[in-house]
Amino acid sequence: MTQPAPRPRREAGRGGRPAVLTLGRIVTAAVEVLDAEGLDALTMRRLGSRLGVAAMSLYRHVADRGALLAAVVDHLFAEAVVELDPADTWDEALSRFAVAYRGMLLAHPHAVPLLATHPVDTDTGTALLAGLLDRFDASGIDRQDALICVQSVGVYVLGHALAQVGTPPGTSPGSGPEAGPDATAFYDHWFDTGLLAMVSGFERRLTP
């Protein structure tokens, strides 16, 4: 006789009551699933199981999987926004952002393809990068030029991270050229060299 499937576990809050389901908890759990199991595993059903709730209850907070992925992208991008040194010039601030962005991507390798194909919400990204953009403003650089600089560097960081965490055809994860300390040093040098060239090029173009 077939046994009935177990009902989703409900996480207990204070006094044994079920923990309140919020968008923040949903996104945090989604990132945990993404990190542990990959993008394909991040379904509403799997997320509901992770949170101990029925998948349908998630739709009170996110319209669909697409909205969930968008929230995850915004959440992860926010991790890359670092406190800038008041003395940083715009080029130094831009480099600091690039390094932090790369660090976030390498900390969440399964998220790299997601961010490469699901750009951060424009308004959210602009708000998060307000401090960086202010450095351009303070130097008299046109906002459109500033956005081109930031977006170009962001695309470079994403592409570089995608190359580093990707698995070449015919190899298994962890066996490709991205594995091992020598490869890490190679990618670090490659990234630093490319970033310096890009930022220096913008500096020469935008500085009178």
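Helix H9, residues 181–206, comprises 26 residues and extends 37 Å from its first C-alpha to its last, close to the 38 Å expected at 1.5 Å a residue. The model described here is predicted.

Along H9, the buried residues are Ala183, Tyr187, Phe191, Leu195, Val199, Phe202 and Leu206. An α-helix has 3.6 residues a turn, so residues three or four places apart point the same way. The cover over the buried residues of H9 includes helix H4 (90–107) and helix H8 (143–165).

H4 and H8 also take part in the largest pocket, as elements that give two or more residues to its lining. The volume of the largest pocket is about 460 Å³. Its lining consists of 21 residues, of which Phe77, Pro119, Val120, Leu129 and Gln151 are the closest to the centre. Besides H4 and H8, the elements that give two or more residues to this lining are helix H3 (65–79), helix H5 (112–117) and helix H6 (122–128). The most is given by H8, with six residues. By residue class, the lining of the largest pocket divides into 14 nonpolar, six polar and one charged.

| Residue | Relative accessible area | Class |
|---|---|---|
| His108 | 10% | buried |
| Thr126 | 33% | partly exposed |

His108 belongs to the loop between H4 and H5. His108 is classed as buried because its relative accessible area of 10% falls under the 20% cut-off. Leaving aside neighbours within four places in sequence, the contacts of His108 are with Val31, Asp35, Leu76 and Glu79.

Thr126 is located in helix H6. Thr126 counts as partly exposed because its relative accessible area of 33% lies between the limits of 20% and 50%. In sequence, Thr126 and Leu147 are separated by 21 residues, while their C-alpha atoms are 8.9 Å apart in space.

One annotated span remains to be described. An unreviewed UniProt entry lists residues 43–62 as "DNA-binding region".

Note on methods:
Residues are numbered from 1 along each chain as its sequence is written. This is a predicted model: local features need pLDDT of at least 70, side-chain atom pairs count only at pLDDT 80 or more; totals for chains, interfaces and linings use all residues. Side-chain values use heavy atoms; hydrogens and water are left out. Helices (H or I, at least four residues) and strands (E, at least two) are DSSP runs, numbered from the N terminus. The expected span of a helix is 1.5 Å times one less than its number of residues. Buried means under 20% relative accessible area, exposed over 50%, partly exposed in between (1.4 Å probe, protein chains only). Contact means heavy atoms within 4.5 Å. On a 1 Å grid over the protein atoms alone, a cavity is a set of points where a 1.4 Å probe fits but cannot get out, and a pocket is an open set with protein on both sides within 12 Å along at least five of seven lines; lining residues have an atom within 4 Å of a point. Grid points are joined across faces, edges and corners, and a volume is the space filled by probe spheres set on the points. Ala, Val, Leu, Ile, Met, Phe, Trp, Tyr, Cys and Pro count as nonpolar, Asp, Glu, Lys and Arg as charged, and the others, Gly among them, as polar. UniProt positions are given in the numbering used here, feature names are shortened, and annotations may be inferred rather than shown by experiment.
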